[in-house]
Amino acid sequence: MIKMYLKVLYSLLLMLSFYGIPSTGQKKKETLLSEKVGQLMDWTGKRAVIRMNGEKFRRFVKAPPRNYSVVIMFTALQPQRQCGVCKQADEEYQILANSWRYSSAFTNKVFFATVDFDEGSDVFQMLNMNSAPSFIHFPAKGKPKKSDSYELQVRGFAAEQLARWVGDRTDVQIRVIRPPNYAGPLMLGFLLAVIGGLAYLRRNNLEFLYNKNVWAFSALCFCLIMTSGQMWNHIRGPPYAHKNPTTGQVSYIHGSSQAQFVAETHIVLLFNSAVTMGMVLLHEAATSDMDIGKRKSITACFNFVESLLFPYW
């Protein structure tokens, strides 16, 4: 009878070990994970973007267990850093995080956080980072891959671009909802009102609408704006320039041929305008009735400007 009882007890132990009974260590991991998720949810409820320092980063991002992804913006927002791009990127990042926080699909699958250089310089050193802003996705399992680092210089920091990248890395689709901005419609209304007022004041003399020079100048300005890359800036939302928070060096020209800064488009616009103006002056010098001396002066001026711009062309 005792042998039969021992056999049944042994069989039960085998079945329990086969199907798995949570051990003490497993229970501790589950409890720790629940506490971490609960703390992150509590912080997210107060603020869509969690501010992290070195201690919080090591505890909630680096240390296991973790079944959630964390998207972190590494930035330098303190005034002494003079990182204007960081402020612009932070505004877009806040829009993205708030769109996710107040979405009906919000879960604890992904959290958004920031690490400021002055509050977590040890994190920058740990990750060998020497520039800001930067975005890195820390997946729920494993270490970040190359594709988990956002290509800011190529894609820009617009909230919509960041949302696409987050969707690619986490399968979480975020619909970006921007706060209403009435500046554009107000400026357009003001411009139309000014044009309408001027047309009304000159209602008896609208010959300027048939002036070829006016339309030629307008078309020329439009072409210069488009060819300098302003539309690319509008679509991609690149930073105006890039400042290295460590060295303080400011770059106005992008090192890659597949991206650009806003400042770079302004430089190209000035170059194109100077060359166009030179061509117009050469045409005037060749076709106008001005004396030979003025024609030679215009030609010499154009050649001088061309010699200055040609090395940078």
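In this predicted model, Val194 has a relative accessibility of 35% and therefore counts as partly exposed, since that class lies between the limits of 20% and 50%. Val194 belongs to helix 8, which covers residues 183-201, and together with Phe190, Leu198, Tyr200 and Leu201 it makes a nonpolar surface patch of about 570 Å².

By class, the lining of the largest cavity divides into seven nonpolar residues, one polar and one charged.

The largest pocket holds about 200 Å³ of space and is lined by Ala216, Phe217, Leu220, Cys221, Leu224, Ser273, Thr276, Met277 and Val280. Helix 9 (212-227) and helix 11 (262-287) each supply at least two of the lining residues, and helix 9 gives the most, with five. Seven residues of the lining of the largest pocket are nonpolar and two are polar, while no charged residue takes part.

The backbone also deserves attention, given that most residues other than glycine have a negative phi and most peptide bonds are trans. Against that background, the peptide bond from Pro64 to Pro65 is cis, with omega near 0 degrees, and Pro65 is placed in the loop between helix 3 (54-62) and strand 2 (69-75). The bond from Ala132 to Pro133 is likewise cis, with omega near 0 degrees, and Pro133 sits in the loop between helix 5 (121-126) and strand 4 (134-138).

Asn128, which lies in the loop between helix 5 and strand 4, has a positive phi although it is not a glycine. Asp171, in the loop between helix 7 (159-170) and helix 8, also has a positive phi without being a glycine. The values for these two residues are set out below.

| Residue | Phi | Relative accessibility |
|---|---|---|
| Asn128 | near 55 degrees | 69% |
| Asp171 | about 65 degrees | 62% |

Because exposed means over 50% relative accessible area, Asn128 at 69% falls in that class, and Asp171 at 62% counts as exposed for the reason that its value also lies over 50%.

Notes: Residues numbered from 1 in each chain as written. Predicted model: local features only at pLDDT ≥ 70, side-chain atom pairs only at ≥ 80, totals over all residues. Heavy atoms only, no water. Patch = residues over 30% accessible without salt bridge, like charges linked within 9 Å, V, L, I, M, F, W, Y side chains within 5 Å. Areas by Shrake-Rupley, 256 points an atom, 1.4 Å probe, with all protein chains shown as cover. Salt bridge = Lys/Arg side-chain N within 4 Å of Asp/Glu carboxyl O. Helix = DSSP H or I, 4+ residues; strand = E, 2+ residues; numbered from the N terminus. Buried < 20%, exposed > 50% of the residue type's maximum accessible area, 1.4 Å probe, protein only. Nonpolar A, V, L, I, M, F, W, Y, C, P; charged D, E, K, R; others polar. 1 Å grid on protein atoms, 1.4 Å probe; cavity = no way out; pocket = protein on both sides within 12 Å on 5 of 7 lines; lining within 4 Å. Points joined across faces, edges and corners; volume = space filled by probe spheres on them.
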